[in-house]
Amino acid sequence: MILDSILKPSDIKSFSIDQLETLCSELRSEIIRLVTQNGGHLGSNLGAIELIVAIYYVFDIETDKFLFDVGHQAYAHKLLSGRRKLMENLRRSGGASGFPDPFESKYDYFISGHASNTLSAALGIAKARDLKHEDFKVISILGDGSLSGGMVYEAMNNIAKTPNFIVILNDNQMSISKSVGAMRSYLSKLLATRSGLSFRKIFSNLLSSFPSKFSGKLENFIKNIISAIRGGTIFEEFGFQYIGPIDGHNLRNLIKIFRNVRDIANYKPVLIHTVTQKGKGYIPAENDNTNLHGVDNSLGEKYSNVFGKKIVELAAKDEKIVCITAAMKNGTGLNEFAKKFPDRFFDVGIAEEHAVTFAAGLAKEGLKPYVCIYSTFLQRAFDQIFHDVVLQNLPVRFIIDKAGFPGSDGKTHAGIYDVSMLQNFSNFIIMAPSSKYELENMLEFSVNQKRPLAIRFPKSEVSNFSSDYKFDSKFRIINEGIKNLIISFGDVFNIITEAVNISKTNPTIIDAGFIQPFDFESFYYYASKHNKIIIIEEGIWGGCSNIILEKLLSDNKIDVVSKIRFLNIEKNFVNHMSRSEQINNSSISAINLAKILLN
């Protein structure tokens with residue numbers, strides 16, 4: 001294999017074009033093998049292979065700064081930058097992260113697990129370079145889905161006249177689901193413009209055949225002709241030299257254009273619009289590039305599936321229910337809702353801030369909006385939650401998926417901060433179901449609430465505890481025991497059950513269900529009957545623990561405080577590995593809980 005001969009990134013520069021095309025084929029096969037074996041992002045990585053190989057061939061990976069947006073396109077880059085052994089355990093403990101990570105390799109220059117941040121970072125890097133009188137290029141691969149995030153335009157508004165700044169727009173018409181919004185329509189028009197296509201073909205041929213020292217003047221001449229016929233592009237209005245659209249899988253043409261752009265970029269920022277196919281070279285991914293965006297090897301019913309079924313049932317009875325997601329229709333279980341209620345489903349793209357304030361507007365007019373979003377992405381909309389929802393006490397319902405340990409997605413997707421964020425708002429209801437039945441009951445409860453609320457659940461298979469109980473904000477008694485009292489939030493009963501078996505103890509076990517408002521009446525009653533109180537939550541300190549401790553101190557319940565042991569996730573960044581490994585390596589592990597029960 002040609003891939004076997006690459007010991008360092010610069011080795012690729014000695015290859016012929018034929019060898020490079022063979023290398024692309026080998027990378028494609030290797031990525032399919034690794035993702036099938038380990039899980040991970042498939043379609044996006046298969047679509048970016050030729051782009052990455054061309055960048056490695058033309059630019060200086062040792063000197064130039066190379067960024068991704070989003071980083072789920074980066075597997076070929078990792079394979080070419082000395083991490084083949086790490087990639088064997090992709091997204092597993094001790095293996096390569098699924099996203100660029102500067103702590104993993106110097107070739108991952110900037111972390112990019114969330115979308116739309118790279119142009120801002122790249123501009124900062126470029127401006128710092130110029131202030132320090134250094135000489136290198138800053139190159140960003142920008143997925144078209146990231147263009148639905150407003151931060152991209154905030155950066156573009158400041159990029160004009162920045163030299164040696166190159167953006168490669170990887171346009172596959174997808175984020176995870178199909179890209180949405182006016183920018184997607186705009187890119188489609190660029191692709192469909194016949195005059196533009198013919199001129200682009202002429203432009204590519206002319207530009208690649210002229211010496212690089214003439215390419216800048218020639219390009220300006222041709223661009224002036226195109227602009228006179230069809231008007232300039234939005235990217236040109238932002239100050240970019242726009243080139244494209246071009247075939248992102250034509251390696252020979254990419255290399256010719258990148259070589260010429262390398263010189264054009266000395267004078268102004270350049271955006272190269274490449275068109276690629278998500279899942280390229282793997283027929284199942286080409287035919288189903290939404291579901292094969294990533295490969296999940298886990299089995300069983302997920303909380304997101306339970307939510308998806310229940311919200312359809314509720315919406316059939318209540319026409320005021322609407323659902324909003326930020327490019328996560330599949331991941332949040334909304335496929336069926338989108339099919340059955342297309343007028344009441346809104347995918348706003350990768351625009352979490354807009355999703356929240358948009359929902360606030362819907363709630364203001366009497367609708368019942370559900371904002372369905374991963375915990376890690378909810379962080380991006382903290383100000384909108386506070387300013388636009390909470391201050392007006394608007395009943396926006398937040399469905400917080402993937403809350404808790406993130407598993408193989410790692411630190412960029414950790415869902416352990418949401419409760420510590422939301423508990424600051426006294427008018428905010430926060431719930432955490434311990435089973436599929438409790439989630440269904442919480443959803444029924446949520447429909448007619450008159451203030452903001454959240455239901456958070458983990459990235460795991462659902463538990464199936466009995467539904468035969470009255471649902472309200474009071475404690476649910478799971479087991480009446482002696483000496484020790486365990487109060488849990490969310491689906492942590494596997495941990496508790498294992499700890500009880502290890503310790504051979506008989507504690508009282510309570511499912512709190514409601515994090516806020518917390519049932520202090522029941523809490524004080526049970527606290528008085530037990531010697532030790534253990535409170536366990538799949539989140540960092542500052543969530544449930546903070547709510548309880550603040551109240552106890554306010555009520556001067558120092559005797560109760562002395563009985564309590566809080567089990568929270570440590571304030572460390574979460575490395576990628578399985579959820580079970582993350583739990584077992586943390587302070588909320590069954591082993592740790594068992595020790596507390598015995599001491």
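Here are some questions and answers about this predicted model.

Me: How many helices and strands does the chain have?
Reply: The chain has 599 residues, and 60% of them count as buried. Its secondary structure includes 19 strands.

Me: At what angle do helix α1 and helix α12 pack?
Reply: Look for residues 17-38, which form α1, and residues 251-264, which form α12. Their axes are 10 Å apart, and the crossing is right-handed. The angle is about 115°.

Me: Which residues of α12 meet α1?
Reply: On the α1 side you will find Ile 17, Asp 18, Leu 20, Glu 21 and Cys 24. The residues of this contact divide into five nonpolar, no polar and three charged. On the α12 side, the partners are Leu 251, Arg 252 and Ile 255.

Me: Which residue does a cis peptide bond join to Gly 244?
Reply: Omega of this bond is about 0°.

Me: Where does Val 70 lie, given the cis peptide bond that joins it to Asp 69?
Reply: For the bond between Asp 69 and Val 70, omega is about 0°. To place Val 70, find strand β2 at 65-69 and helix α4 at 75-80. Val 70 is in the loop between β2 and α4.

Me: Does Ser 116 count as buried or exposed?
Reply: Ser 116 is not a glycine, yet it has a positive phi of about 75°. You can find Ser 116 in the loop between α5 and α6. Its relative accessibility is 2%, and the cut-off for buried is under 20%. Therefore Ser 116 counts as buried.

Me: And is Lys 483 buried or exposed?
Reply: Lys 483 also has a positive phi, near 65°, and is found in the loop between β14 and β15. Its relative accessible area is 55%, while exposed means over 50%. So Lys 483 is exposed.

Note on methods: Residues are numbered from 1 along each chain as its sequence is written. This is a predicted model: local features need pLDDT of at least 70, side-chain atom pairs count only at pLDDT 80 or more; totals for chains, interfaces and linings use all residues. Side-chain values use heavy atoms; hydrogens and water are left out. Axes are lines fitted to C-alpha atoms, for helices over the stretch in contact, and angles run from 0 to 180 degrees between N-to-C directions. Helices (H or I, at least four residues) and strands (E, at least two) are DSSP runs, numbered from the N terminus. A crossing is left-handed if the near helix is turned anticlockwise from the far one by less than a right angle, and right-handed if clockwise. Contact means heavy atoms within 4.5 Å. Ala, Val, Leu, Ile, Met, Phe, Trp, Tyr, Cys and Pro count as nonpolar, Asp, Glu, Lys and Arg as charged, and the others, Gly among them, as polar. Buried means under 20% relative accessible area, exposed over 50%, partly exposed in between (1.4 Å probe, protein chains only).
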